[in-house]
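Colleague: I would like to go through this model one feature at a time. Please give the general idea before each case.

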Amino acid sequence: MVLRLPIAHFFEGVCFGLFLSMSIVTVQLGQCGNQIGFEVFDALFNDSHCPRGLCSKKENEAYQASCKERFFSEEENGVPLARAVLVDMEPKVINQTLSKAARSGRWKYGQHSCFCQKQGSGNNWAYGHEESIMNLIRKEVEKCDSLSGFFIIMSMAGGTGSGLGAFVTQNLQDQYSSALKMNQIIWPYGTGEVIVQNYNSILTLSHLYRSSDALLVHENDAVHKICAKLMNIKQISFCDINQVLAHQLGSVFQPTYSGEGSFHYRRNPLGDLMENLVPHPEFKMLGVRNIPQMSENSLAYSTFTWAGLLKHLRQMLISNAKMEEGIDWQVRPPLSGLPPLGKMSVNREIHFNTSIANLVILRGKDAHSADVGAFKDPALYTSWLEPVHAFNVWKTQRAFRKYERSAALVSNSQSLVKPLDRIVGKAWNMFASRAYLHQYTKFGIEEEDFLDSFTLLEQVIASYCNL
């Protein structure tokens, strides 16, 4: 049975320390986590030092200071150091990541913030649980005046990121129970990257559901489409994909004002995200949508209004579209009372994406005047949460990167039910024939562990379906 509590009640008694300088320690796990982590820090730094912020010098300096205290500490020579721990079972990617950051000349990683060993994880979830990583994390935490929490970047399908990610998150929960933990997880391509990716995925997700406060999910297939259709990239590389991911994450984590009419930047982004978006531990899967997203060439010929951006963003939400191109405008809230547009095919089901909670983040010119009333429609949300608890908006007139106006939507909704159900189904088919189980049992993961994972995730699917 699901408890029906307003978001504010769930967080009663938790002190978020809004007036303290609160930092986030990022843990980059595996090849995927380290490559994305670099792009995230680079995007954060470049944006905070962008001269085109469209705001006063004083406001821009406050924005820079707020970004820095969240994500960077400072070395004696003045070069910002990323508040990060880098982990991989092979040194190659970590060495590349370290040298890439150092070559930028703008910021870098700490010399002693890395862990790697000679042998890789062989794309097996059960391999390579290394306790010594926790010592590196502890040292990074000790550099923070006040810790907001941990941001763990990882793949769901591979070896190091998935298996070690679940292990590290559990250890963080044990050792830092009062600090918030958000896992940014990369959902594998539907066509498959490694043969055991569905096993890795269900084991990872079920363990994270027990120990993480929120899972911020990006689907590789969706990001790939954004690169192709919106960014007009012909030969798409992982670097291209990671830069889109970094842009989306930056649009969420960069500073925003702490309230309507306030010009103070909020100090605890993780705490505020959890308070706004995770009303109950059964529901902790979040997705991000951004608008606009386009190449520099296209941007030169484009203008945007808040009304147009928010109209598209709302329809992306309710029709479960990941980008503004190809939105299905026939999907409408079930209680809107409006007739359907056009004639529907019997075989085609129009599925309305019901939300638990939504956070809209507006950045840029005249953000204070943008009307977000359409996101307060009760028909968008589950019946057990009033829109006053389920919807929030954050704003800053400071522009984000190259966009005069931009909006991000972080949503806790039904949007991941289908991909989750698909992965659980594929994993179950393999499990039923005992395929590849020996790769796990030799490392101590038994059939019972798989069954526990299936049970937990089936419950998650059922809970989201019943909204």
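Modeller: Start with strands and helices: these are DSSP runs numbered from the N terminus, helices being H or I of at least four residues and strands E of at least two. Two strands pair if DSSP finds at least two bridges between them. The model is predicted, so local features need pLDDT of at least 70 and side-chain atom pairs count only at pLDDT 80 or more, while totals for chains, interfaces and linings use all residues. Residues are numbered from 1 along each chain as its sequence is written, and side-chain values use heavy atoms, with hydrogens and water left out.

Colleague: What is the order of the ten strands in the open sheet?

Modeller: Strands of a sheet pair through backbone hydrogen bonds, either parallel or antiparallel. Here the order is S5-S4-S1-S6-S7-S8-S9-S12-S10-S11, with mixed pairing. S5 (114–115) and S11 (391–396) are the edge strands, each pairing on one side only. S5 runs parallel to S4 (residues 84–87), joined by two bridges; Val87 has Phe115 as its bridge partner in S5.

Colleague: Which residues have the most contacts inside the largest nonpolar core?

Modeller: In soluble globular proteins, nonpolar side chains tend to be buried together. A nonpolar core is a set of buried (under 20% relative accessible area, 1.4 Å probe, protein chains only) Ala, Val, Leu, Ile, Met, Phe, Trp, Tyr and Cys residues joined through side-chain atoms within 4.5 Å. The largest has 132 residues, with Ile137, Met182, Phe253, Met285 and Phe450 having the most contacts inside it. Contact means heavy atoms within 4.5 Å; leaving aside residues up to four places away in sequence, Ile137 touches Val27, Val85, Phe150, Val168, Leu172 and Tyr176.

Technical notes: Buried < 20%, exposed > 50% of the residue type's maximum accessible area, 1.4 Å probe, protein only.
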